[in-house]
Amino acid sequence: MKELTVNWHITEACNLKCQYCFAKWEKPCKRELLHHPCNVLKLLDEISKLPKDLGGGFDSLRLNLVGGETFLYRSKVINIIEEAKKRGMRLSAITNGTKLDEELNHIIAEHFDIIGFSVDSLNESTNIQIGRQEDNSAININDIIKNILFIKELNSDIKIKINTVVNKLNYDEFIGDFLDKVKPNKWKVFKMLPIIQESKCLEINDTQFKQFLDNHQMYKDILYVEDNDDMTGSYLMIDPLGRFFQNDKDKQGYAYSSKIHEVGIEQAFSEIKFDKDKFSSRYKKRSS
């Protein structure tokens, strides 16, 4: 089965303050589509057409919900989950894990095929410096571990993914202790993409990135590596306003399509640069 993954950044809002967060779109927040249920339905109807319209032999679609923080607006995201499932979509999400509780853990275990957690450091001081903090307190790694283990207990088939952004503050850190406890199916490691000016102080070079990878070679069976070039033009991404967007090589920032729910999926898709071969290769590529 060949699966098409669409990444919908449902909100730019987040309870954390990560310096290099990719979620930097114009405000006000109330323009975001998730606050408008009728437009959410229109967008999901259009997204469901993608496997057929895109070609390439895709026979299923997975909607990956991303933020900001995906579960920040609880009732809104639960509505998206329910409507996506009605349309036969498989679901996954990325979360910082701070908003999860027993109710959300049960929802994730019941409706999601994959749940991903953003974990960049196990060190409290480092997380605070990165901005992975709320009310001046670093995220609680032990709580994240407990939630992951509980979700796996509820659904032994769910796949756990960990995302790590390697930057100047964590490139010499070892996070194997965390990986050993949660036993993820996949660990995706990104070299920090300085997409916004204020993040440049955390940028690293290729040698530093390689040092992080070399220190974790014992996890090569689950390790997937992506650098800036891998990420450009190889993701199908929708922003909080319902537009396709891509990293723009020619200028710093993003290039956007028209709003999908207004012009339709075919027209909006024609307005962005998308590399089908690079997209397909991402799912085959494993670190060596």
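What should the 14 residues of helix α6 span at 1.5 Å a residue, and how far apart are its end C-alpha atoms? This is a predicted model, and here the two values agree: helix α6, residues 141-154, should span 20 Å, and its end C-alpha atoms are 20 Å apart.

## Two sides of α6

Let's look around the helix next. Ile141, Ile144, Ile145, Asn147, Ile148 and Ile151 are buried in α6. Viewed down the axis of α6, the buried residues fall within an arc of 165 degrees, so they line one face of the helix. Lys146 and Glu153, on the other side of α6, are exposed.

The buried residues of α6 have several packing partners. The helices they pack against are α4 (102-111), α5 (124-130) and α7 (176-182). They also pack against the strands β4 (114-118) and β7 (159-166).

## The N-terminal end

At its N-terminal end, α6 is capped by asparagine 140. A side-chain oxygen of asparagine 140 lies 3.0 Å from the backbone nitrogen of asparagine 142.

## The protein around it

Stepping back, the protein contains 12 helices and 12 strands. Of its 288 residues, 57% are buried. The protein exposes about 13,200 Å², and 47% of that area is supplied by carbon and sulfur atoms.

The contacts also say something about sequence separation. Taking contacts between residues at least 6 apart in sequence, 72% join residues at least 24 apart.

Key:
Residues are numbered from 1 along each chain as its sequence is written. This is a predicted model: local features need pLDDT of at least 70, side-chain atom pairs count only at pLDDT 80 or more; totals for chains, interfaces and linings use all residues. Side-chain values use heavy atoms; hydrogens and water are left out. Helices (H or I, at least four residues) and strands (E, at least two) are DSSP runs, numbered from the N terminus. Buried means under 20% relative accessible area, exposed over 50%, partly exposed in between (1.4 Å probe, protein chains only). Contact means heavy atoms within 4.5 Å. Accessible areas come from the Shrake-Rupley method with a 1.4 Å probe; for residues, only the protein chains shown count as cover. The expected span of a helix is 1.5 Å times one less than its number of residues. The arc is that of the directions from the helix axis to the C-beta atoms. A polar contact is a pair of N or O atoms within 3.5 Å; within protein, one must be able to donate a hydrogen and the other to accept it, and residues adjacent in sequence count only if both atoms are side-chain atoms.
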